[in-house]
Amino acid sequence: MRYLMKSLLAKALLCFVFTSSVLGANPSTKIPEVDEKLIDTMLSRLIYGAKCDEMAMISHFDPSVLWVKDKDKIDMQKIPAKIRYLRFAGRILSGGISSGNSTYTSADKEFLYTLNGADLEVMSICDKQRLILNNYDKEKEDYNLKLRAKPAKEIAIVINVANSMKDYVFAFKEIAPLIAKHILQEESRGSYAKITLVSFSNYDVKDFDDVFSSSEFVESAKNLKVVNSQTKLINYALIKAMSHFTKDNGLKKEIFLITDGNPNDRGSAEKMLYLTKNLNRNIVKNSGGSKKNWVTIHTLALNKNLDSLKELTLATEGSFYEPSSAYEFKKLLLRLSNNGKDVDPREINVIVPSKTHKIYDPDDPNPPKK
């Protein structure tokens, strides 16, 4: 559901990066670096938990979104076929995780769902707005309303899209459906999981937002654009990815970092290492000594000189991989997405048919659509 859920806070912070260099073409702009203050602001929901005064949202208009209001009663069988999502109380609804007695709490801890036969009541936890959805079918999970019994993971995939990464970005696009299948476990429908995709380069950090289905993740992956730039903005991209995590929602929190470059200087790398260690210490402190909200970073290093990222990875108790080819990259990423278990070798060699693949040009992995 890319671009559908952007908070006022996120909009205000889009200009921040970890370096004082320039984003885009304005060389006079001084941009604050990542520090404790920025982390405390952007990651307050992860460190301290959800707060009602930070939940104001702006949803971009999209014809596939049905806006519903407080006290509405909606017959789900009469919703127009073009609708894919429901927007209520400033958010796109995405279901939740069982909290007992036929109730479910959303991963961001903003909505409570109560299932009573074929009626689903949705309540905004902060302002108590209520919505009734009649003829809800829990098995079909229409409109992204997944009500699942067990919490699984919230995964953020942070991928470098500098020009040096084009072969790996294309390999990532090839296996995107399989990555989503492993993480979201859609076949079993027993667990609740979500994925966020964040891309970065010298020029930009792009947030594709949370997705809850394989089709949404594949669409996000298709829209990755390789740019002719150096590798920068790793620190800010990691913070942006973590901003999608919420404390005490039962979901294990992991980042898959995919890059062939370090932060652009040793000082930035050391600062990110310090800030990440401090972040996890604070998370554990605010979780009563438990690591249940700990953020683990796994890195696929597509270069042999990424020692600073190895330090960061190991400090979060993550896994550090150095694949030597696109084939090995796909193998390791698929295994990582599959909870560390080996996958069917046929998945590694799979070529997912798509328009993007058919017109692939090795000098331009993102040709314009025709």
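Reader: At what distance from the ring centre of Trp 294 does Lys 291 lie?
Author: The model is a predicted one. In this model, Lys 291 is placed over the face of Trp 294. The distance from the ring centre is 4.4 Å.

Reader: Which residue lies over the face of Trp 67?
Author: A charge counts as sitting over a ring if NZ of Lys or CZ of Arg is within 6 Å of the ring centre and within 35 degrees of the ring normal. At Trp 67, the distance from the ring centre is 3.7 Å. The residue over this face is Arg 87.

Reader: Which residues does Asn 280 contact, leaving aside its neighbours within four places in sequence?
Author: Asn 280 is found in helix α7, which covers residues 266-285. With sequence neighbours within four places left aside, the contacts of Asn 280 are Trp 294, Val 295 and Thr 316.

Reader: Is Asn 280 buried or exposed?
Author: Buried means under 20% relative accessible area. The relative accessible area of Asn 280 is 2%, so this residue is buried.

Reader: What span does α7 reach from its first C-alpha to its last?
Author: Helix α7 has 20 residues. At 1.5 Å a residue, 28 Å is expected, and the span in the model is close to this value. From first C-alpha to last, α7 reaches 29 Å.

Reader: Against which elements do the buried residues of α7 pack?
Author: The buried residues of α7 include Met 272, Leu 275, Leu 279, Asn 280 and Ile 283. The elements against which the buried residues of α7 pack are α2 (36-42), α3 (44-47), α6 (234-242), β17 (295-301) and α8 (307-315).

Reader: How many of the residues of α4 are buried?
Author: Helix α4 runs over residues 166-184 and reaches 26 Å, close to the 27 Å expected at 1.5 Å a residue. The helix is mostly covered. Of its 19 residues, the number buried is 16.

Reader: At which residue does α4 bend?
Author: The bend in α4 is about 55°. A proline, Pro 177, follows within four residues of the bend. The residue at the bend is Ile 175.

Reader: Which residue follows α4?
Author: The residue that follows α4 has a positive phi, near 50°. This residue is Gln 185.

Reader: What separates the C-alpha atoms of Met 165 and Gly 261?
Author: Met 165 lies in the loop between β13 (150-160) and α4, and its relative accessibility is 0%, so it counts as buried. Beyond four places in sequence, Met 165 touches Ile 159, Asn 160, Ile 258, Thr 259, Asp 260 and Leu 302. Met 165 and Gly 261 are 96 residues apart along the chain, and their C-alpha atoms are separated by 9.6 Å.

Reader: How many aromatic pairs does the structure hold, and why is the pair of Phe 172 and Phe 217 edge-to-face?
Author: The number of aromatic pairs in the structure is four. The ring centres of Phe 172 and Phe 217 are 6.0 Å apart. Planes over 60 degrees apart count as edge-to-face, so the pair takes this label from its plane angle of 75°.

Reader: Which helices hold Phe 172 and Phe 217?
Author: Phe 172 and Phe 217 are both buried. The pair ties together parts that are 45 residues apart in sequence, because Phe 172 lies in helix α4 and Phe 217 in helix α5 (residues 214-222).

Key
Residues numbered from 1 in each chain as written. Predicted model: local features only at pLDDT ≥ 70, side-chain atom pairs only at ≥ 80, totals over all residues. Heavy atoms only, no water. Helix = DSSP H or I, 4+ residues; strand = E, 2+ residues; numbered from the N terminus. Buried < 20%, exposed > 50% of the residue type's maximum accessible area, 1.4 Å probe, protein only. Contact = heavy atoms within 4.5 Å. Expected span 1.5 Å × (residues − 1). Bend = angle between axes of the 7 residues up to and from the residue. Phe/Tyr/Trp six-rings, centres within 6.5 Å; stacked < 30°, edge-to-face > 60°.
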